[in-house]
Amino acid sequence: MLNGKRTSVRAHPMKRLLDVLREDCHLTGTKEGCGEGECGACTVALDGRAVNACLVPIAQVRGATVTTIEGLKGRHPLQRAFAEQGGAQCGICTPGMVMAAIALGPHPTLDEVRTGLAGNLCRCTGYMGIYRAIKAATRSSKEQEGRTKKKVASNRSSVDGGTKPKRRPSL
Ligand code: FES
Ligand code: FES
């Protein structure tokens with residue numbers, strides 16, 4: 001599966017996932033920096049884990065689920081946060097940063113962010129804008145969770161008339 005769609009390509013088994021994405025699938029959001037696993041610009045999610053697509057031969061991807069930056073459809077809170085918090089300047093590292101940040105889960109600590117993004121290099125931002133963006137996206141997802149919980153609670157109380165469930169008398 002590629003970005004939620006069943007996908008098949010004809011390619012040499014040793015062709016890099018990065019090249020298959022860009023050349024065969026025309027998904028050019030995934031960038032090439034170093035081409036040798038040093039910069040993280042090519043990071044995509046492979047079965048939910050961040051990998052450097054420049055190091056993965058397509059033969060290893062058979063039957064797997066791949067998500068690229070295009071798979072987020074521009075709607076992920078991290079994408080907005082990177083733009084708002086100065087986490088993206090030239091933008092070359094940004095798709096890889098976002099994909100690596102997503103793999104950290106919804107509420108990473110600053111230490112987890114620093115460690116998790118250690119393999120993603122940025123020559124423009126000095127990293128602080130990137131850390132701010134991840135923090136802001138984490139905050140907004142926590143707020144969203146809070147709103148959802150409140151909504152569920154208020155729906156429940158309007159369904160059951162706002163009363164607490166009656167306890168069964170003990171026998
Ligand atoms: S292009 Fe893949 S790690 Fe740099
Ligand atoms: S924004 Fe330019 S390399 Fe990170």
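Which backbone nitrogen lies 3.2 Å from a polar atom of the side chain of glutamine 79? In this predicted model, it's the one belonging to arginine 75. The side chain of glutamine 79 also reaches the backbone nitrogen of glycine 74, this time at 3.4 Å. Glutamine 79 itself sits in helix α2. If you skip its neighbours within four places in sequence, you'll find glutamine 79 in contact with Ile69, Leu72, Gly74 and Val98.

Helix α2 covers residues 77–84 and helix α3 covers residues 94–102, and the two pack with their axes 10 Å apart, at an angle of about 130°. Because of that angle, α2 counts as oblique to α3. The crossing of α2 past α3 is right-handed. On the α2 side, the contact is made by Leu78, Gln79 and Phe82, while α3 brings in Thr94, Met97, Val98, Ala101 and Ile102. Sort those residues by type and you get six nonpolar, two polar and no charged.

Setting aside neighbours within four places in sequence, asparagine 120 touches Met97, along with Cys39, Gly40, Thr43, Gly96, Ala100 and Tyr127. Look for asparagine 120 in the loop between α4 (110–116) and α5 (128–159).

Definitions and conventions: Residues are numbered from 1 along each chain as its sequence is written. Chains are lettered from A and ligands numbered from 1 in the order in which they are written. This is a predicted model: local features need pLDDT of at least 70, side-chain atom pairs count only at pLDDT 80 or more; totals for chains, interfaces and linings use all residues. Side-chain values use heavy atoms; hydrogens and water are left out. Axes are lines fitted to C-alpha atoms, for helices over the stretch in contact, and angles run from 0 to 180 degrees between N-to-C directions. Helices (H or I, at least four residues) and strands (E, at least two) are DSSP runs, numbered from the N terminus. Angles under 35 degrees count as roughly parallel, over 145 as roughly antiparallel, 65 to 115 as roughly perpendicular and the rest as oblique. A crossing is left-handed if the near helix is turned anticlockwise from the far one by less than a right angle, and right-handed if clockwise. Contact means heavy atoms within 4.5 Å. Ala, Val, Leu, Ile, Met, Phe, Trp, Tyr, Cys and Pro count as nonpolar, Asp, Glu, Lys and Arg as charged, and the others, Gly among them, as polar. A polar contact is a pair of N or O atoms within 3.5 Å; within protein, one must be able to donate a hydrogen and the other to accept it, and residues adjacent in sequence count only if both atoms are side-chain atoms.
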